[in-house]
Amino acid sequence: MQVIIDSKVDIFLANQFKKDTENISKINIFLAELENVDNPLDLNNAEKIQRAKNYWRWTIEKYLILGKVLSDIATIKIIKIYKRKVVL
């Protein structure tokens, strides 16, 4: 499994690391371990995005990781990471 991280995602993570060190560290660990998982689409925090072919999202704390699965789960391209809006 190969995980490709877009340059915009790297910039976002670097900027957020200053504000939310603990959760961004969890995201970095998750992305590193994602390469070793047999099927990342079977993880508890994975959810298919409706009406979008091969797009999935993973939830880590208050962040959503958006990725596109390429070539039969051999490659995942991480496109965007953003904060969830909390609705009370």
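Visitor: Which residues does T75 touch, not counting residues up to four places away in sequence?

Guide: Leaving out residues up to four places away in sequence, T75 touches Q2, I4, K68, V69 and L70, where contact means heavy atoms within 4.5 Å. This is a predicted model: local features need pLDDT of at least 70, side-chain atom pairs count only at pLDDT 80 or more, and totals for chains, interfaces and linings use all residues. Residues are numbered from 1 along each chain as its sequence is written, and side-chain values use heavy atoms, without hydrogens and water.

Visitor: Where is T75 found, and is T75 buried or exposed?

Guide: Look in strand β5. Strands (E, at least two residues) and helices (H or I, at least four) are DSSP runs numbered from the N terminus. T75 has a relative accessible area of 11%, so it is buried (under 20%; exposed is over 50%, partly exposed in between, with a 1.4 Å probe and protein chains only).

Visitor: How many bridges join β1 to β5, and how many join β4 to β5?

Guide: Strands pair if DSSP finds at least two bridges between them. Four bridges join β1 to β5, and these two run parallel; V3 has I76 in β5 as its bridge partner. Between β4 and β5, which run antiparallel, there are eight bridges, and Y63 stands opposite K83 of β5. In the β4 and β5 hairpin, with four residues between the strands, S71 takes a positive phi near 50 degrees.

Visitor: Which residues of α2 are buried?

Guide: In α2, the buried residues are N23, I24, I27, F30, L31 and L34. Seen down the axis of α2, they fall within an arc of 115 degrees (taken from the directions from the axis to the C-beta atoms), so they line one face of the helix. They pack against β1 (2-5), α1 (7-17), β3 (55-60), β4 (63-70) and β5 (75-83).

Visitor: Where does N54 lie, and where does E61 lie?

Guide: N54 lies in the loop between β2 (46-48) and β3, and its phi is near 70 degrees, a positive value in a residue other than glycine. E61 lies in the loop between β3 and β4; though not a glycine, E61 has a positive phi of about 50 degrees. N54, at 34% relative accessibility, counts as partly exposed, and E61, at 45%, counts as partly exposed.
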